[in-house]
2 protein chains.
Amino acid sequence: MVREDAVEVRDLRQHAGREVTIQGWVQTVREHGKVAFVVVRDGTGVVQTVLVQKQLGQALWQMATGLAQESTVAVRGTVRKEPRAPGGCEIAVTNLVLLAGSEEYPLQPKEHGIDFLLDHRHLWLRSSQQHAILRVRAEVEQAIHDFFYARNFVRIDTPILSGAIGESAGTLFETDYFGERAFLAQTGQLYVEAAAAALRKVYCFGPTFRAEKSKTRRHLTEFWMVEPEVAFADSEDNMRLQEELVTYVVGRAVERCGEELAILERDTSALEPVRPPFPRISYTDAVALLRGRGSDMQWGDDLGGNDETILSQTSDLPVFVYNYPRQAKAFYMKENPEDPRTVLCNDLLAPDGYGEIVGGSQREDDHGRLLARIREEQLPEHAYGWYLDLRRYGTFPHSGFGLGIERTLAWITGRRHVRELIPFPRMLNRLTP
Amino acid sequence: MVREDAVEVRDLRQHAGREVTIQGWVQTVREHGKVAFVVVRDGTGVVQTVLVQKQLGQALWQMATGLAQESTVAVRGTVRKEPRAPGGCEIAVTNLVLLAGSEEYPLQPKEHGIDFLLDHRHLWLRSSQQHAILRVRAEVEQAIHDFFYARNFVRIDTPILSGAIGESAGTLFETDYFGERAFLAQTGQLYVEAAAAALRKVYCFGPTFRAEKSKTRRHLTEFWMVEPEVAFADSEDNMRLQEELVTYVVGRAVERCGEELAILERDTSALEPVRPPFPRISYTDAVALLRGRGSDMQWGDDLGGNDETILSQTSDLPVFVYNYPRQAKAFYMKENPEDPRTVLCNDLLAPDGYGEIVGGSQREDDHGRLLARIREEQLPEHAYGWYLDLRRYGTFPHSGFGLGIERTLAWITGRRHVRELIPFPRMLNRLTP
């Protein structure tokens, strides 16, 4: 440590009655006659430090009361319990050293426009709400890893650069790869399918890319997904795994991020009841339900955002919509033997209109049917040679899904726009910082 | 499950004496008169199943003894303990169902060339050594997350697409981003520095990209790194954190991957002594040592692979080489106040010639010096505006490092080439599968 005896604000309560040093940034300075309060943020917490003029001497008093917001300081003093203070402690200052000053800080408590905030994302991260969001994100990510680790899944890191193609050829970022064309992955699914034949239960976790010109609250060009894939699992098993994962992750966030969710003013009573089983409605029944409520959608149309909102309002829990028409879904989904117009798949809709957080399916494991679908969609057959191999050498029933991290976090944190749920969002017209 | 009562081979011992069903792939079939042995791999383990002709009837016997390698089967039978069998159990078969046949499998026990194996990477993953490698990789990755989670680090996912530039402009993959130029990240460091000002102790974990035309055993164009960054930590703290991380990760692999390391014929006695402190040698002393051994390198030259091997052979532990000449290192490293020809940085060399696994440094926190270095290196100043902001608004001492996952795994697993240590390697001339 730059100061050998420095402690973190998070741990202050353990040091009550002792003299300690903290290092951090000045959030506010208030002067009340001969007493001043310097609130210091150190990244682990925020603490009020109390300065008494006659104890510190004039020079130190003047420096301290003139501190600019975001100045870097080391503060020495005695920790005392103070139930009214945030964190339950304050520091009676015996010394304060200015480590570095700050120019006038661009972010002020007043309302800034979203573009200004995103332009200053590298600084905006210092605010308490953004802190809270990032902590919830980190907790949710660790929870996902813990969930799969405890269930003996093997994590498989799938490639970002690929000559093959994921879901939709129109929305790919492309790069020159030593003279070849390469594309940024939209999914790791095809690769985890190969790994499932080797290791049975696997998942990938990482960034994915969609070059979509969408400017909605639910789109990022770069977003993170977890994608499990399980050999010998069918579509029913797949929905059960989704339920269990979502339940575990939401439970961890509620259990361990109470403080953060309070800062975000998230009503956690909406999250606490989340547990299996989640309600299930087939696509066909969903169409009937929506038409009964005045929609003029036809069987075969994909569900729109409004349709999803109506369906999600049928329950306080996330809702499965399963077995969509094959023309509305990707080529790799398995034909439903009981109704070949549909495929064995599901979306999972979060409650309260937070929209789709998971898409999953049983995969087409018949070589001939899969090849026919690849041709029907006019996909480049040669690029799928290795993927078809998985159906030539011991094909096997298998299922998997992708859970979008930012969309899941939007629901958990109660934010309507995904742009705040990733540290440095990438959107149409936003590539920096 | 496709079969409701199916169990995993991993758990067979718990079912000794009972009748169970397993599902998996046929690895080998051997016939010994009226008894046959079908070895089945299910992704969680491998088990020998024993078929007795007179018990099964002629039709089943013929089908089973004619099974092609990689056929998918469901095998029912009684689990019995068999100390001589791998896993300690075998299955006395009562029924065997062929779920899917297999075409002639391209991978045979004979030696294949590496290009053939990499062309068939999607199938090669099914072999026992590749299994073992991927399991060690997953364990190491979980260990890294657990290490940082336990220490209250906040995981920060840094962007892959960026208008800014990392270490070296000549080795970037570029893509069109809705009319702008974007580059694939070579590091998340600049972003975790911003996050460290917000959350004190942070790390990123993800893929990074180098468009290097290197064809060595130590280069991938797409590789994974973990990059922690700590506010108020100096270069000494940084080396201590590296020691602790490496010790923890190696310990977890030894403790929980004994079976996998045995399959890989890794002598773990070389890994067991790994604990702090690791030996430290300054760059300047390293040059003297190397010259004493006949090298004609000059002070100021970077260390070559051979130099690193010689230095790593001075100890059974990883070795720190610290405080390199500034011209050999990146612009963002902090000038060493005690010797301004050098910067406060370190590499960490794995033992036995496995080479550099970590590069770290204290970051230049002086706005003027950092700007001068950016100009000296002729980097695009405007792209670093937000990075310079971190030195304008409460600059702070901070340090961090990057640990390469594949190189660390090469050492842990005792493999000389990184290409096997990632599920789907990307190299010069290799973009598929």
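Predicted model: local features only at pLDDT ≥ 70, side-chain atom pairs only at ≥ 80, totals over all residues.
Residues are numbered from 1 along each chain as its sequence is written, chains are lettered from A and ligands numbered from 1 in the order in which they are written, and side-chain values use heavy atoms, with hydrogens and water left out.

A cis peptide bond also joins Pro276(B) and Pro277(B), with omega at about -5°, and Pro277(B) belongs to the loop between α8 (258–263) and β12 (280–282) of chain B. Over in chain A, Phe178(A), in the loop between β8 (174–177) and β9 (180–184), has a positive phi near 50° although it is not a glycine.

Now to the two chains together. Chain B is superposed on chain A by a rotation of 180° with 0.0 Å of shift along the axis, at an RMSD of 0.0 Å, using least squares on the C-alpha atoms of residues with pLDDT of at least 70 in both copies. That is the relation of a two-fold axis, and the residue of chain B that comes closest to it is Thr175(B), whose C-alpha lies at 2.5 Å.

How many residues of chain B are in contact with chain A? There are 103, meeting 103 residues of chain A, where contact means heavy atoms within 4.5 Å. The buried area between the chains is about 8,600 Å², with 59% from carbon and sulfur atoms; this is the accessible area, taken with a 1.4 Å probe, that the two parts lose on being put together, summed over both.

As for charges, 10 salt bridges are counted between chain B and chain A, each being a side-chain nitrogen of Lys or Arg within 4 Å of a carboxyl oxygen of Asp or Glu. One of them pairs Lys201(B) with Glu8(A), whose closest N and O atoms are 3.0 Å apart. On the side of chain B that touches chain A, helix α5 (residues 128–150) gives the most, with 11 residues.

Technical notes
Helix = DSSP H or I, 4+ residues; strand = E, 2+ residues; numbered from the N terminus.
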